[in-house]
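Look at the sequence and the structure below.

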Amino acid sequence: MLLLDDATLIRHGQGFGPFELRVDAGERVALLGPSGAGKSTLLKLMSGEIAPTRGRVLLGGQPLAGLDPCTRARRRAVLPQSHQIAFGLAVELVVGLGRWAGGGGEPWVRQALAWASAAHLQGRRYDQLSGGEQARVQLARVLAQLADVERGLLLVDEPLASLDPGLQLELLDTLRAFCRERGHALVAVLHDIPQALNGFDRLILVRRGQVAADLPAGTAALPALETLFGLRLQLLPAAGGGWALAARRREAAA
Amino acid sequence: MDARLDRTLIRWPALPGWPVAVALLAVALVLAANSGAIRLGLADWQALLNGEDTQGALVLAQLRLPRVAFAIVVGAALGLAGALSQGLFRNPLAEPALLGIPSGAVCAVALMLTVLSAWAGGLPAAWRPFAVPAAALLGAWVMCGLLQGLARLLVPGAVAGLLLAGLALNALAMAIVGLCTYLATDEQLRSLSFWQLGSLALASWPVVAVLGGVVVGSLALSRRWGQALNALALGEAVAAQVGVPVARLRRVLVLVLALLSGLAVAWCGLIGFVGLLAPHAARGLVGADARRVLPVAAWFGALLLLLADTAARTVAVPAELPVGILTALLGAPVLFVLLKRAQREIGGGW
């Protein structure tokens, strides 16, 4: 569905790629890597926010750059890292912007707010919400955007980084269920290794603007993760079938 | 319950919006038309409506009504321009005059009246009345484009950065105006200073009609683009992600903004702060939704300038204060308050 074909970007004298990637409908992909490795840049290439200097990015077989903004918005949504809004817009209005391309606002807005457990925030001003509440509203906006299409693409850039752990898990679960029901592919930049191992099918490890490894999520990915982050990792089975992770610095272990 | 929540839950009782707005404006219009060096009253309005040639009816028809109508359309243009530029630059302090957009217009007109006067004098007589507005429009447009480019280079959301860029561009434009004044012949200088002094006294029906048309056209356009402006408040990237054609939106906004502030400057000189006060009052009244802020800002700008102009005409009868002085007296303290608030809300975003 999403295809990066030799996509290369040169920005501020820094090279990213070439990326050769394919993301299929319904896949759940976690992008992992140290800070500054180029995860967000890769996500921006995928979303069409930045056009590659060389190579192509195709969405559903068509070059992303050639699609008009509305058509693009019907196929892919992006949940960004920061949530600054210039004016004190109402919550429903922010969520309703997700329906810019699709139309038919009202019912979808209410539904999306309910999915994001943010129904109680209706009628409030966005700029007066707490960080966690703002994240829920932004999530609702993205859900509203892709609520009535199938086999779309949802790109998520560390939206959970500043939230408390309970809310992180809740929102991630919501996102995953939403994508599963509609066959959307989910690509998320993550910092948390256990979250990536537990909730995603595939890990793409990024280092110094390159894909260092592209492998299924599971215990087999541990050595690659250890190399990527320079850590010693140990998996511990957790209650409920998931994994918990113990991490130490490599030097400390040696 | 904390005060914040309180404020969002307790709303003003819903007023039937536009009839009240129109009624207020009509009352202000009648009051404004009645006051001045010669006080007018009901009898003069009756005489005017009956087509009698009394002195009062003549004053009303030929002086007062064009003047108040002009104040209304100029005020609406300034208010709307303020709301649009705040939306375009995603900055609650981005008033066109603070950013130097009207200075760009002044600069272009100064160039035309002095350095290029030989060329402008060679224009066909029928075109000459349009030469100043056209130059002003061009100047405002160039300035707007420059600012817009600069704003995108600066940190997104940086309030002061944009204002400082505006300060620099303002200074540049004024330096060019100064140069033009220095190089001008006596005659050129006279036409330039006459134009720069400009006030609402130059009101005439054709000018009112043209500017009124532009205001109505911009309002119609902003109905279409209002939701896109809301999306822009979330940032350019997010706006593009939800499907807004951002590049086209930006081009439209820059052009409309240049049209509104350029024409306002061309016909009545620099009038500051209306573009700052009107959108803020509008947001206070109807919330931040651009679809509602834009028309309300135009309405409030019209009301504000009408009152300010009436005060300017009547405070020191028979002399007349430049209306820009009054709006600055009113607006500058508000700017301080808003700066303080922006600092608190945006925090590190300087």
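How many bridges join strand 9 of chain A to strand 10 of chain A? The model is predicted, so to speak of local features requires pLDDT of at least 70, side-chain atom pairs count only at pLDDT 80 or more, and totals for chains, interfaces and linings use all residues. Residues are numbered from 1 along each chain as its sequence is written, chains are lettered from A and ligands numbered from 1 in the order in which they are written.

Six bridges join strand 9 (residues 202–207) to strand 10 (residues 210–216) of chain A, and the two run antiparallel. Strands (E, at least two residues) and helices (H or I, at least four) are DSSP runs, numbered from the N terminus; two strands pair if DSSP finds at least two bridges between them. Arg202(A) stands opposite Pro216(A) in strand 10 of chain A. Two residues lie between the strands of this hairpin, where Arg208(A) takes a positive phi near 45 degrees.

Chain A also has an open sheet of four strands in the order 2-1-4-5, with antiparallel pairing. Strand 2 (14–23) and strand 5 (62–63) of chain A are at the edges with a single partner strand each, so one side of each has no neighbour in the sheet. Seven bridges pair strand 1 (residues 2–11) of chain A with strand 2 of chain A, and Leu2(A) is opposite Val23(A) in strand 2 of chain A.

In chain B, the axes of helix 4 (residues 55–88) and helix 14 (residues 274–286) come within 7 Å and cross at roughly 75 degrees. Axes are lines fitted to C-alpha atoms, for helices over the stretch in contact, and angles run from 0 to 180 degrees between N-to-C directions. Helix 4 and helix 14 of chain B are therefore roughly perpendicular (65 to 115 degrees).

Methods
Angles under 35 degrees count as roughly parallel, over 145 as roughly antiparallel, 65 to 115 as roughly perpendicular and the rest as oblique.
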